[in-house]
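Please open the structure in your viewer and keep the sequence beside it, so that each selection can be followed in both.

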Amino acid sequence: MLTTNPFSVLSETVPSIAMQSLVIVMGLLVVLGTLLDIIHKKNVKYFFENAKKAKKSAKKTLTTGEKTAVVIKTITSDIATTSELGAGKRRAAHLLGMYGTILFWVGSVIMIFCYASPTSDTPLIWPIIWHMGAIMTFLGGFWFWLFLRVDVYSEAHPWYRIIKADLFVLSLLASATFGLIWSFLQSLNLNNRWYDKLFFILFVISNLVLFGGVYWSKFAHMFYKPGAAIQKNLAEADGSRDNLPPPADAPEQYGLGINREAPKHY
Amino acid sequence: MPTFVYMTRCDGCGHCVDICPSDIMHIDETIRRAKNIEPNFCWECYACVKACPNHAIDVRGYADFSPMGHSVRVRREEEKGTISWKIKFRNGTEKDFVSPITTKPWGKFIPKLSEADKPNQEEINSQILYSEPNGLNTKKDLPTISKDSFKKGVYY
């Protein structure tokens, strides 16, 4: 199963042009949903107004080189390793889900656009990337959704209470889970029985909800969060610091400090 | 000045939900970020502002002076044991302060009353409170005031 390109097998019944068109439509849905979200929340306008304010209270003017260094540091630390989540389970689950999703989507696009015909000879690496991505998304996503969600962890709500904020994570999990089940059933060669087709339809529906629901879900956080991290680090570098005080420079007289405890005292 | 949350900074970790003594910091059901559900009930204790690891919580100044550009922000660095404040006045003056964290680890100084000896009637009538004088870091007798002097202006 892990080394089989599920889209190549699928192309015996569904034309590859239909699969490619669906991927393009989903990409357009993401762009449209994000634009509508930006117009509705006015967050980009807020972001630039905030940046203008920060520039006024800046203590020093950053050169292009310094700005580039800050952006590179933000990409390698804040974005690539989600360092704002600290060292802990939330960060591990987020990294599993984030890199799993990236591999899953990259694998899907490559296999659908390059190797989606019954005669395609797919290099082994792409089906492995697709399946590993789906498994990582499945593990990281369910770890987060069942145990680490703040609703469960801090607000003491039961894990089965579903709210609008779950639309993104649940549709992503459904997409990875149904994709894996579909690929597994397809590899069993069930002689045209309905099982794999059912899970293929569920896979398509979950993807439509995931990519079509951007306006209502948290999907666009993957575009906003990097922007906010860059702005925060630029504000630290130019001294404006969003009006925050500078880091304490003479801490030794105050002893060792205390450890931050995980929020669990509700 | 009640608190509010910068949504771009918040990552929904729940530290403020956990620490709020008024139980008004909650998680938004649409975007899973923290929010102050009832600013009128905010004690302005700054506990959530200090606890937030992402500096995502700020206080909203009252409408009569907040448009003038003041700011009061705090940075908590547990590893250094410091609380730093930056006060920005309306005339542009800025002042920075650094103080030690005096918070004790959770539960360390909560007395286990159920395991303590039951007070006798004399102790109940005494003006010395539970754990005094040892709890005040002294072994000296504490001063008391004669009960007769209480009755000069108050009758009960």
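Begin by selecting chain B and colouring it by element: from the N terminus on, the order is β-α-β-β-α-β-β-β-β-α, which amounts to three helices and seven strands. Here helices (H or I, at least four residues) and strands (E, at least two) are DSSP runs, numbered from the N terminus. This is a predicted model, in which local features need pLDDT of at least 70 and side-chain atom pairs count only at pLDDT 80 or more, while totals for chains, interfaces and linings use all residues. Residues are numbered from 1 along each chain as its sequence is written, with chains lettered from A and ligands numbered from 1 in the order in which they are written.

Next, show chain A as well and select where the two chains touch: the contact takes 38 residues from chain B and 33 residues from chain A, two residues being in contact if their C-beta atoms, placed from the backbone, lie within 7 Å. On the side of chain B, the elements giving two or more residues are helix H1 (15-19) and the strands E2 (25-27), E5 (71-77), E6 (82-88) and E7 (94-100), and E6(B) gives the most, with five residues. Coloured by class, this side of chain B has 11 nonpolar, 13 polar and 14 charged residues; Ala, Val, Leu, Ile, Met, Phe, Trp, Tyr, Cys and Pro count as nonpolar, Asp, Glu, Lys and Arg as charged, and the others, Gly among them, as polar.

Finally, stay with chain A and select residues 89-114, helix H5, together with residues 125-148, helix H6. The contact of H5(A) with H6(A) has 18 nonpolar, 10 polar and two charged residues.

Terms used:
Axes fitted to C-alpha atoms, helices over the stretch in contact; angles between N-to-C directions.
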